[in-house]
Amino acid sequence: MELKLNQYLTPFDLEHTLQCGQLFRWEKHSDWRYGVVEKQVLKMRQTKDTLEFEGVNLDFVENYFRLGDNLPQIVSEINRDPLINQAVKAFSGLRIVRQAPLECLISYICATYKNIPAIKNMIHELSKRFGEEITFDNHEFYAFPEIDALAKAALYELRDCKLGFRAKFVQETAKMVNCGKVDFKTLKEADYETAKEELLQLPGVGNKVADCVLLFSLEKLEAFPVDVWMKRVVEKHYTNYFDASFIKKLLKKQSLSTRDYNRLSSFARNYFGKNAGYAQEYLFHFFRNKAL
DNA sequence: CTCCAGGAAAGTC
DNA sequence: GACTTTCATGGA
């Protein structure tokens, strides 16, 4: 199928969206991009204003890539200074993707203290061992595991997937989700603060992981995950919004206390507005790729 | 070989 | 409450 995009009204860039670090499961074969989403293989490519896709219907594509978000409006709201302006110009058309909550949650628990290539490998290993195999265009893909498969996984099996110390967190979180202790549908309907509080009960989920799950899979676009890159961005470009002693403390410390995390995150929420999560994603991608 | 990774939890003061 | 250490392993 094919979708004609008006890049002025509905800007979208497939490459920026897939490569900005929010997703860990897309592969490139020839000039096509393949992703496994909810047990379906989605095959896509983009040339200028034409988005070609196979495997799913139009509604699915529009929902997954949040084409309903008024991106020009959002960008104009978050575009508060020359730095973010550079980022939104450099990666015009980057959109936040509507991920499946379970996959998002487990992925970001695994992302703790790992680089992106290693994270991708962990998620692939988990899917290969516990997920359903799907063949598409003579390539093998694996759906992300069902919750009960993860909940009854043995610790050694999870460790075999290169999870290291994260194996225990994944196992225990999967058990808690499986027995209904946390319900994603409820969290989607809850407000940001309430939903975050619930997520923080899960082992392996701290402030940053919770905010990633809220932003990427639970409809909380005000979530602003503060990782090492956002810390660097603040230290380098937004120092005049904090007192010198606080910045000095940030530079000295390696990890953030909850209080310091919230100070940075809520600053960004006030500064960039209700779609601060979009600002985070543009800044993250911009800094990880070039600036420093 | 060394360094560090989209941090979180447990321990210490 | 604030600061420090530990955690397991792959990628660069």
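How many nonpolar, polar and charged residues does the lining of the largest pocket have? The lining has 20 nonpolar, 10 polar and 7 charged residues, where Ala, Val, Leu, Ile, Met, Phe, Trp, Tyr, Cys and Pro count as nonpolar, Asp, Glu, Lys and Arg as charged, and the others, Gly among them, as polar.

The model is predicted, local features being reported at pLDDT of at least 70 and side-chain atom pairs at pLDDT 80 or more, whereas totals for chains, interfaces and linings use all residues. Residues are numbered from 1 along each chain as its sequence is written, chains are lettered from A and ligands numbered from 1 in the order in which they are written, and side-chain values use heavy atoms, with hydrogens and water left out.

The largest pocket holds about 990 Å³ of space. A pocket is defined on a 1 Å grid over the protein atoms alone, as an open set of points where a 1.4 Å probe fits, with protein on both sides within 12 Å along at least five of seven lines; lining residues have an atom within 4 Å of a point. Grid points are joined across faces, edges and corners, and the volume is the space filled by probe spheres set on the points. The lining of the largest pocket comprises 37 residues, and A111, Y113, K208, D227 and V228 lie nearest its centre. At least two lining residues come from each of α5 (101–110), α6 (116–130), α9 (166–178), α12 (207–217), α13 and α16 (276–289). Helices (H or I, at least four residues) and strands (E, at least two) are DSSP runs, numbered from the N terminus. Helix α12 gives the most to this lining, with 5 residues.

For the second largest pocket, the space is about 240 Å³. Its lining has 14 residues, with E38, A100, F144, P145 and E146 nearest the centre. Two or more of the lining residues are given by each of β3 (32–37) and α5, and α5 gives the most, with 3 residues. By class, this lining has 9 nonpolar, no polar and 5 charged residues.

A search of the whole structure finds 22 aromatic pairs, a pair being rings of Phe, Tyr and Trp (its six-membered ring) with centres within 6.5 Å; planes under 30 degrees apart count as stacked, over 60 as edge-to-face and the rest as tilted. Y241 and F267 form a tilted pair, at 5.2 Å centre to centre and 40 degrees between the planes. This pair links distant parts of the chain, 26 residues apart: Y241 is in the loop between α13 (228–237) and α14 (244–252), and F267 is in helix α15 (residues 258–272). Y241 is partly exposed at 43% relative accessibility, whereas F267 is buried, with a relative accessible area of 14%. Buried denotes under 20% relative accessible area, exposed over 50%, and partly exposed in between (1.4 Å probe, protein chains only). The rings of F242 and F267 have their centres 5.0 Å apart and their planes at 65 degrees, so this pair is edge-to-face. F242, in the loop between α13 and α14, is 25 residues from F267 in helix α15, and the pair again links distant parts of the chain. Both F242 and F267 are buried. One aromatic cluster is formed by F224, Y238, Y241, F242, F246, F267, Y271 and F272.

Two charges sit over tryptophan rings, the criterion being NZ of Lys or CZ of Arg within 6 Å of the ring centre and within 35 degrees of the ring normal. The charged end of K43 is 4.6 Å from the centre of the W32 ring, and R232 lies over the face of W229 at 4.5 Å from the ring centre.

Helix α13 also contains V233, which counts as buried at 2% relative accessibility. V233 and L283 are 50 residues apart in sequence, with a C-alpha to C-alpha distance of 7.9 Å.

Strands β6 (residues 133–136) and β7 (residues 139–142) pair in the antiparallel sense over 4 bridges, pairing requiring at least two DSSP bridges between two strands. I134 has F141 in β7 as its bridge partner. The two strands form a hairpin with 2 residues between them. Most residues other than glycine have a negative phi. D137, in the loop between β6 and β7, has a positive phi of about 50 degrees although it is not a glycine; D137 is partly exposed, with a relative accessible area of 35%. E219, likewise not a glycine, has a positive phi of about 65 degrees. E219 lies in the loop between α12 and α13 and counts as partly exposed at 31% relative accessibility.
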